[in-house]
Amino acid sequence: MPLILVAGRPCTGKTTIATQIKQHYESEGIFEEVILINEEGLSLSKTTSYSTANHEKALRGALKSGMEHALVKPNRLVILDALNYIKGYRYEIYCTTRTARTPHSVVWVTATEDEAKSRNTQRREEGGNSYEDAILQDLWKRFEAPNDANRWDNPLFKVKNTAAEHAPTSPTEAAPPSTDIAVETVIQPKSLKSSWKPKKKKTTDGSDAAAEATTPDAAPSSSSAAAASSSASTADDASSASRNTLSISGTKVTDGDDLSQFVELATVFPALTDYLLHANLPLPNSSTVAAAHAQADLLYELDRTSQRITQMIMAHQADALEGTPLKFTDYDRVLTLNRLISPGELQRYRSQFVKVHSQHPPTTSVAVGVSFIEFLGLHL
């Protein structure tokens, strides 16, 4: 019952990729059944489900509930196809699979923003399940990219959707570059600067003077002029790019995903299949493991058995001499008392024993008696 969580920005082809994954594993026959869970399967509208925060919360709850019901079936592959753009929600899914002790992987699907808008427009014209333009733009910006450094996003498979039917037919039909921005964690590059610096020259009176940056002593050669022109052009491009990006605490805000890091789905299948079949089962979190409950009358047995042993000790002291061993045939134990124990002292030890073992009592009445006799042997 492994889980494949498909995540990505809206209209990037996640359902297409999820369907191809489903068809691939159905044809391979590795699993008895491949279950695909998405908005379409739950008859939910993308226009209304993402219109308000409450509707979106209900959508996530329905998807998670369907996934939990599917995970209980053995030897099934579950594919959760949705935006899954919230990092905290992906962590909830990870905790659910960890409790179920099943492998979990993330497939991140991406495309350009122009392709996403084209797909959404085509779906709307065909009467399909589409987003409103404002909702599409808002969801595109709010996407929290998966990071394989997080255990809930690991292993991470980056896939690009190259469906030709949604691509622009000619460069003139392509939409202009978007000026909208989206957050993506990357390494902040160094600023582009020219390596050429003005040199200082000596004047006739012996004082130093900085040479003008734009007028060297000797006229530069044609190659030097071309290099200087190229450096200036590069600096202008970098300055223009810096105006379209925003850096906050090491986070670079860009207008989309880096497509160079994404590969075709066919190249992902070998590694994905190997992980699903040979991954170690995750250990459940101790906070989610149901505590083993003792029998309903075990506390009663704890009190009754300790009281019975106390009475046997009092009767033995009344009839035998000090130092005479006391045999407990029911518990296969022997207790030797080298002094006279008062009833009050025995009751105090019994109260301590009951208090200590009330949280984790022994499983049977015989084990209770054995534990109490050994407890008295250590303290008397």
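# A strand in the middle and rings in contact

Welcome! F375 has a relative accessibility of 14%, so it counts as buried, the cut-off being under 20%. Please keep in mind that this is a predicted model.

- Strand β3 runs through residues 76-81, and six of its six residues are buried, which leaves the strand mostly covered.
- Strand β1, made of residues 3-8, pairs with β3 in the parallel sense over four bridges.
- E33 stands opposite R76 of β3.

**Aromatic pairs**

- Across the whole structure, a search turns up nine aromatic pairs.
- W108 and F262 make an edge-to-face pair, because their ring centres are 4.9 Å apart and their planes meet at 80°, over the 60 degrees that this class needs.
- This pair links distant parts of the chain, 154 residues apart: W108 is in strand β4 (residues 104-110), and F262 is in the loop between β10 (251-254) and α8 (265-278).
- W108 has 4% relative accessibility and so counts as buried. F262 is buried as well, with a relative accessible area of 4%.
- F353 and F375 form a tilted pair, because their ring centres lie 5.6 Å apart and their planes are at 55°.
- Here too, distant parts of the chain are linked: F353 belongs to helix α10 (residues 343-357) and F375 to helix α11 (residues 365-379), 22 residues apart.
- Y25, F31 and F269 come together as one aromatic cluster.

**Charges over rings**

- Which ring has the charged end of K158 over it? The ring is that of F262, with the charged end 5.9 Å from its centre. F262 is also the ring that pairs edge-to-face with W108.
- R9 lies over the face of W140, 5.1 Å from the ring centre.

Note on methods: Residues are numbered from 1 along each chain as its sequence is written. This is a predicted model: local features need pLDDT of at least 70, side-chain atom pairs count only at pLDDT 80 or more; totals for chains, interfaces and linings use all residues. Side-chain values use heavy atoms; hydrogens and water are left out. Buried means under 20% relative accessible area, exposed over 50%, partly exposed in between (1.4 Å probe, protein chains only). Helices (H or I, at least four residues) and strands (E, at least two) are DSSP runs, numbered from the N terminus. Two strands pair if DSSP finds at least two bridges between them. Rings of Phe, Tyr and Trp (its six-membered ring) pair if their centres lie within 6.5 Å; planes under 30 degrees apart count as stacked, over 60 as edge-to-face and the rest as tilted. A charge sits over a ring if NZ of Lys or CZ of Arg is within 6 Å of the ring centre and within 35 degrees of the ring normal.
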